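Here is a short briefing to read with the model open beside you. We start at a strand pairing and then move on to a helix, a loop and the pockets.

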Amino acid sequence: MIEREVLHDSECPTVAGVINNRIKSNMALQIDATVVYAWRLAGRKVTRVLNKDLEIDSPYNTYKISGLPPKPICIPGTAAWGAALEPEVNDYYYYVANKSGYHYFSKTFKEHQRNIKLARSEK
């Protein structure tokens, strides 16, 4: 999941920390990359996850199922492996990518909503 969620390897540990925080808090992981993978298994290519895409019934849909998916969704690279084994310790629960592929990280859903608006307003 880490491999598919980041464009820049430097963010792997931070995203791994977010995933770790969500697991510890019994939050749904809500990883878009797992939804993309679920649709790929169903024969549909999804490049941007929309709300309607979150309805897919699949054990890979981390918006609907809790915990980790049943199997990996890709073969991770070195940075993702390292991050999975040693996630960054942080207080983040949310992230959203900006136009350059880097992420804004936030601790609260309210901050996350602001970051979504910020990411969408960038040129």
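Ala97 has His103 as its bridge partner in S2. The two strands involved, S1 and S2 (residues 103-106), pair in the antiparallel sense over 4 bridges; strands count as paired if DSSP finds at least two bridges between them. This is a predicted model, in which local features need pLDDT of at least 70 and side-chain atom pairs count only at pLDDT 80 or more, while totals for chains, interfaces and linings use all residues. Residues are numbered from 1 along each chain as its sequence is written, and side-chain values use heavy atoms, with hydrogens and water left out.

**Strands and hairpin**
- The hairpin of S1 and S2 has 5 residues between the strands, and Gly101 takes a positive phi near 90° there.
- Helices (H or I, at least four residues) and strands (E, at least two) are DSSP runs, numbered from the N terminus.

**Helix H3 and Thr34**
- The buried residues of H3 are Ala33, Thr34, Val35, Tyr37, Ala38 and Trp39, where buried means under 20% relative accessible area, exposed over 50%, and partly exposed in between (1.4 Å probe, protein chains only).
- H1 is included in what covers these buried residues of H3.
- Thr34 lies in this helix and counts as buried because its relative accessibility is 0%.
- The Thr34 side chain reaches the backbone oxygen of Ile31 at 2.6 Å.
- Leaving aside residues up to four places away in sequence, Thr34 touches Met1, Tyr60, Asn61, Thr62, Pro69 and Ile73; a contact means heavy atoms within 4.5 Å.
- Just after H3, Gly43 takes a positive phi of about 90°.

**The loop between H2 and H3**
- Asn26 is found in this loop, between H2 and H3, and has a positive phi of about 55° although it is not a glycine.
- With a relative accessible area of 73%, Asn26 is exposed.
- Gln30 has its place in the loop between H2 and H3 too, and its phi is near 50°, a positive value in a residue other than glycine.
- Gln30 counts as partly exposed, at 34% relative accessibility.

**Largest pocket**
- On a 1 Å grid over the protein atoms alone, a pocket is an open set of points where a 1.4 Å probe fits, with protein on both sides within 12 Å along at least five of seven lines; lining residues have an atom within 4 Å of a point.
- Grid points are joined across faces, edges and corners, and a volume is the space filled by probe spheres set on the points.
- The largest pocket holds about 1,300 Å³ of space.
- It is lined by 35 residues, of which Asp32, Val49, Tyr63, Val96 and Ala97 are the closest to its centre.
- Helix H1 (2-5), helix H3 (32-41), strand S1 (94-97) and helix H5 (109-121) each supply at least two residues of this lining.
- The lining of the largest pocket divides into 18 nonpolar, 7 polar and 10 charged residues; here Ala, Val, Leu, Ile, Met, Phe, Trp, Tyr, Cys and Pro count as nonpolar, Asp, Glu, Lys and Arg as charged, and the others, Gly among them, as polar.

**Second largest pocket**
- The second largest pocket has about 460 Å³ of space.
- Of the 20 residues that line the second largest pocket, Met1, Ile2, Ile19, Leu68 and Ala84 lie nearest its centre.
- H1, helix H2 (12-24) and helix H4 (78-85) are the elements that give two or more residues to this lining.
- By class, the lining of the second largest pocket has 17 nonpolar, 1 polar and 2 charged residues.

Definitions and conventions:
A polar contact is a pair of N or O atoms within 3.5 Å; within protein, one must be able to donate a hydrogen and the other to accept it, and residues adjacent in sequence count only if both atoms are side-chain atoms.
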